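Me: Could you walk me through this structure, one feature at a time? I would like the general idea before each case.

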Amino acid sequence: MVVSFALLYGYESALWLVLFSVLHELGHLSALILFKAKVNEICLSFFGFGINYKGRLSSVQEAIMLLCGPLVNLILYVVIGNEVNLLLFLLNIIPVFPLDGGRLLLIIFSEKAKLISLAILFVLVAFSVFLFVKFKVFTLPLIAAYLLIFNLRSL
């Protein structure tokens, strides 16, 4: 994703993306440390960073931990105004698995979360196709395609 981002928006923006993604994960990590969860690993994949941890968090603690990452990006956007933070915030609060918003959806609507997530995902796909056709924006369709494949695989 970073390489794709660099090709679309330039290498400087890609460096900001990496930095702000790390800070996003540090938001999650801070909450995990606060709640005394044991962090097993911090992963880097084609689509970004992730934290694997051990330990049971209450639903409230899990929700706080999930919100801490996007909250870091929102605060950074308000303070320094870099649009990469706004993009990361908006992307991560989308209530679709495996994003923070999707995981939060699971806490709130446990039994119906996957159905709600898929419905939102299909709206996101339709919106991304509209953006591509009307404005030739293809970043969101790429993200929507990844999320669609991820969610269809998990069914």
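Reply: Gladly. Helices (H or I, at least four residues) and strands (E, at least two) are DSSP runs, numbered from the N terminus. The peptide bond that joins F97 and P98 is cis, with omega about 5°. This is a predicted model, in which local features need pLDDT of at least 70 and side-chain atom pairs count only at pLDDT 80 or more, while totals for chains, interfaces and linings use all residues. Residues are numbered from 1 along each chain as its sequence is written, and side-chain values use heavy atoms, with hydrogens and water left out.

Me: How many helices and strands are there in the protein chain, and in what order do the elements run?

Reply: The protein chain has seven helices and two strands. Starting at the N terminus, the order is α-α-β-β-α-α-α-α-α.

Me: Is K36 buried or exposed?

Reply: K36 counts as exposed because its relative accessibility is 74%. This residue is in the loop between helix 2 and strand 1 (38–45). K36 also has a positive phi of about 60°, although it is not a glycine.

Me: How should I read aromatic pairs?

Reply: A pair of aromatic rings is described by the distance of the centres and the angle of the planes. Rings of Phe, Tyr and Trp (its six-membered ring) pair if their centres lie within 6.5 Å; planes under 30 degrees apart count as stacked, over 60 as edge-to-face and the rest as tilted. A search of the whole structure finds four aromatic pairs. One of them is W16 with F20, stacked at 5.2 Å centre to centre with 10° between the planes. Both residues lie in helix 2 (residues 11–34), four residues apart, about one turn of the helix. W16 is partly exposed at 32% relative accessibility, whereas F20 is buried at 2%. Elsewhere, F127, F130 and F135 form one aromatic cluster.

Me: Which charged end sits over the ring of F97?

Reply: A charge sits over a ring if NZ of Lys or CZ of Arg is within 6 Å of the ring centre and within 35 degrees of the ring normal. For F97, the charged end is that of K114, 5.4 Å from the ring centre.

Me: What makes up the largest nonpolar core?

Reply: In soluble globular proteins, nonpolar side chains tend to be buried together. A nonpolar core is a set of buried Ala, Val, Leu, Ile, Met, Phe, Trp, Tyr and Cys residues joined through side-chain atoms within 4.5 Å. The largest one has 13 residues, and L91, I94, V96, L99, L121, L124 and L147 have the most contacts inside it. Helix 6 (113–135) and helix 7 (139–153) are the elements that give two or more residues to this core, and helix 7 gives the most, with five. Leaving out residues up to four places away in sequence, L147 touches V96, F97, P98, L99, L121 and L124. A second, separate core of eleven residues includes F35, A37, L66 and L104.

Me: Which residues does A63 contact?

Reply: Beyond its neighbours within four places in sequence, A63 is in contact with L104 and I107. A63 belongs to helix 3 (residues 59–80) and is buried, with a relative accessible area of 14%.

Conventions: Buried means under 20% relative accessible area, exposed over 50%, partly exposed in between (1.4 Å probe, protein chains only). Contact means heavy atoms within 4.5 Å.
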